[in-house]
Amino acid sequence: MIALDIFADPVCPFCLIGYERLNRALAERPDHPFRLAWHPFQLNPAMPREGMNRADYLQAKFGQDGAVRMHQQLLDIAAADNLPLDPLKVIRQPNTLDALRLVYWAGLEERGTAVMSGLMTAHWYEGRDIGDLRELVEIAKNAGLDAEMTARLLASDADCDTIATRDAHARERGITAVPTFIVSNTHAISGAQPKELWLQVIDELSGAPDGTVLN
């Protein structure tokens with residue numbers, strides 16, 4: 001198997017779009033060589049732990065015109081990619097430290113993709129607050145994790161430092177935006193790339209005996 005390391009934050013819309021496109025490529029190539037691993041990159045580390053109203057967040061970050069453009073861009077992509085994405089469903093902009101802790105723990109049990117997918121679905125498609133510990137426990141349970149253990153861990157400070165360290169390490173490696181995909185610890189692919197690019201990468205990897213991307 002070839003490592004596909006994905007640096008992401010579940011509240012990043014382009015992480016959702018990028019993952020959906022990747023997942024469609026993987027579905028078309030069921031014998032793909034990838035082993036997915038998720039890594040934290042918190043978009044808003046200064047976000048209050050309780051989160052904030054998303055409209056206020058967008059206004060502060062992008063301004064009124066920028067927020068409108070972002071909304072329309074997401075709607076256009078959702079329509080083109082046939083995704084059930086409506087940004088207006090998202091009422092709260094959460095702090096994602098706890099969500100990323102959950103992804104980390106899930107990865108230790110090889111359930112990282114199930115949890116990250118659950119987080120993005122909950123946030124972007126269902127408008128749930130993934131800063132709420134009860135929501136996180138439910139997502140963990142649906143992904144096959146122990147709900148009681150997850151609740152105890154989330155109620156503690158377990159691995160907060162681990163997430164901060166891993167996030168800092170990603171930035172030290174030169175990662176400045178998400179999603180960022182690193183193939184075989186060598187080749188970086190940034191952004192929500194189209195399905196066709198991933199199909200090409202998979203086909204090239206399948207033809208390379210040493211697992212490198214062909215040029």
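Predicted model: local features only at pLDDT ≥ 70, side-chain atom pairs only at ≥ 80, totals over all residues.
Contact here means heavy atoms within 4.5 Å.

1. **Thr96 and its surroundings.** Thr96 touches Asp9, Pro10, Val11 and Gln42, leaving out residues up to four places away in sequence. Its place is the loop that runs between β4 (92-93) and α3 (97-108). Is Thr96 buried or exposed? Thr96 has a relative accessible area of 2%, and the limit for buried is under 20%, so Thr96 counts as buried.

2. **His123 in helix α4.** Pro10 and Val11 turn up again in the contacts of His123, which also include Val90, Arg92, Pro94, Arg128 and Ile130 once neighbours within four places in sequence are set aside. His123 belongs to helix α4. With a relative accessibility of 0%, His123 is buried. As for the helix, α4 (residues 112-125) lies across β1 (2-8) and β2, and runs at about 55° to β2.

3. **The sheet.** Which strands make up the open sheet, and in what order? Four strands build it, in the order β2-β1-β5-β6, and their pairing is mixed. At the edges sit β2 and β6 (187-190), each of which pairs on one side only. Neighbouring strands in this sheet are turned by 20° against each other on average, with direction ignored. As a reminder, strands of a sheet pair through backbone hydrogen bonds, either parallel or antiparallel.

4. **β1 with β2.** These two strands run parallel and are joined by seven bridges. Although β2 is an edge strand, β2 is mostly covered, with five of its seven residues buried.

5. **β5 with β6.** At the other end of the strand order, β5 and β6 run antiparallel, and four bridges join them. Here Ile182 has Ala188 in β6 as its bridge partner. The hairpin of β5 and β6 has three residues between the strands, and in it Ser184 takes a positive phi near 55°.

6. **The nonpolar core.** The largest nonpolar core contains 56 residues. Which residues have the most contacts inside it? They are Leu4, Phe34, Trp38, Leu85, Val115, Leu119 and Trp198. Phe34 deserves a look of its own: setting aside neighbours within four places in sequence, Phe34 is in contact with Met1, Ile2, Leu4, Leu26, Val183, Trp198, Val201, Ile202 and Leu205.

7. **Aromatic pairs.** How many aromatic pairs does the structure hold? There are three. One of them joins Tyr19 and Trp38 edge-to-face, at 5.6 Å centre to centre and with 65° between the planes. This pair links distant parts of the chain, 19 residues apart: Tyr19 is in helix α1 (residues 13-28) and Trp38 in strand β2 (residues 34-40). Both Tyr19 and Trp38 are buried. Phe181 and Trp198 also pair edge-to-face, at 4.9 Å centre to centre and with 70° between the planes. Phe181 is in strand β5 (residues 180-183) and Trp198 in helix α8 (residues 195-206), so this pair ties together parts that lie 17 residues apart in sequence. Phe181 is buried at a relative accessible area of 1%, and Trp198 is buried at 0%. Together with Phe34, Phe181 and Trp198 form one aromatic cluster.

8. **A charge over a ring.** While you are looking at aromatic residues, please check Phe41 as well: Arg171 lies over the face of Phe41, at 3.9 Å from the ring centre.

9. Arg29 is found in the loop between α1 and β2. Its relative accessibility is 28%, and Arg29 therefore counts as partly exposed. Which residues does Arg29 contact, beyond its neighbours within four places in sequence? They are Leu199, Ile202 and Asp203. Ile202 is also among the contacts of Phe34. Finally, Arg29 and Trp198 are 169 residues apart along the chain, while their C-alpha atoms are separated by 9.9 Å.

Note on methods: Residues numbered from 1 in each chain as written. Heavy atoms only, no water. Core = buried A, V, L, I, M, F, W, Y, C linked by side-chain atoms within 4.5 Å. Buried < 20%, exposed > 50% of the residue type's maximum accessible area, 1.4 Å probe, protein only. Phe/Tyr/Trp six-rings, centres within 6.5 Å; stacked < 30°, edge-to-face > 60°. Lys NZ or Arg CZ within 6 Å of the ring centre and 35° of its normal. Pairing = 2+ DSSP bridges. Axes fitted to C-alpha atoms, helices over the stretch in contact; angles between N-to-C directions.
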